[in-house]
Amino acid sequence: MPTVQFTANLASQTAAPICKVEGTTVCEALHAVFTRHPTLRSYVLDDQGAVRQHVVVFVDGTAITDRQKQADAVRPDSEIFVMQALSGG
């Protein structure tokens with residue numbers, strides 16, 4: 001099962017434990033996490049279900065390419081990492 005992990009900064013805002021979930025796409029894996037921890041959804045996705053502008057999702061160390069539908073594939077041993085992108089100087 002893929003593992004989904006969130007940065008400590010995001011975890012400080014709401015419950016964001018490391019989760020092992022079912023799923024063959026990022027969308028399926030995130031949905032499984034949001035089912036367990038619904039308050040996380042609004043921190044990660046916008047009102048249209050796309051990854052928020054200042055959030056980055058990595059699968060096995062590579063940023064996802066489909067921020068709208070999160071259709072990027074994941075393997076059973078994949079590690080999905082969700083972090084808030086930092087900007088500014």
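Before the structure itself, a working term: by contact I mean heavy atoms within 4.5 Å. What we are looking at is a predicted model, in which local features need pLDDT of at least 70 and side-chain atom pairs count only at pLDDT 80 or more, while totals for chains, interfaces and linings use all residues. Residues are numbered from 1 along each chain as its sequence is written, and side-chain values use heavy atoms, with hydrogens and water left out.

Let me start with the sheet. Helices (H or I, at least four residues) and strands (E, at least two) are DSSP runs numbered from the N terminus, and two strands pair if DSSP finds at least two bridges between them. On that basis there is an open sheet of five strands in the order β2-β1-β5-β3-β4, with mixed pairing. The edges are taken by β2 (19-20) and β4 (62-63), each of which has a single partner strand, so one side of each is left without a neighbour in the sheet.

Going through the pairs, β1 and β2 are antiparallel, with two bridges, and T3 stands opposite K20 of β2. On its other pairing, β1 runs parallel to β5, joined by four bridges, and here T3 has E79 in β5 as its bridge partner. The pairing of β3 with β4 is antiparallel over two bridges, and V59 has T62 of β4 as its bridge partner. Packed on this sheet is α2, which touches β1, β2, β3 and β5, and its direction makes about 65° with that of β1; such axes are lines fitted to C-alpha atoms, for helices over the stretch in contact, and angles run from 0 to 180 degrees between N-to-C directions.

Which residues of α2 are buried? If buried means under 20% relative accessible area, exposed over 50%, and partly exposed in between (1.4 Å probe, protein chains only), they are V26, A29, L30, A32, V33 and F34. Their cover includes β1, β2, α3, β3 and β5.

That leads to the nonpolar core, a set of buried Ala, Val, Leu, Ile, Met, Phe, Trp, Tyr and Cys residues joined through side-chain atoms within 4.5 Å. The largest such core has 23 residues, of which V4, F6, V33, V44, V57 and V82 touch the most other members. Two or more residues each come from β1 (3-6), α2 (26-36), β3 (55-59) and β5 (79-84), and the largest share, six residues, is that of α2. Setting aside neighbours within four places in sequence, V4 is in contact with P17, I18, C19, V21, A29, L30, V33, I80 and V82.

Two loop residues deserve a word. T7, in the loop between β1 and α1 (8-11), is buried at a relative accessible area of 14%, and beyond its neighbours within four places it is in contact with F81, V82, M83 and Q84. R52, in the loop between α3 (41-44) and β3, is partly exposed at 32%. The C-alpha atoms of R52 and R67, 15 residues apart along the chain, are separated by 8.2 Å.

Finally, the cysteines. With a disulfide taken as a pair of cysteine sulfur atoms within 2.5 Å, a search of the whole structure finds zero. For C19, the nearest cysteine sulfur is that of C27, 16 Å away. Are these two cysteines buried or exposed? C19 is buried, with a relative accessible area of 3%, whereas C27 is partly exposed, with 34%.
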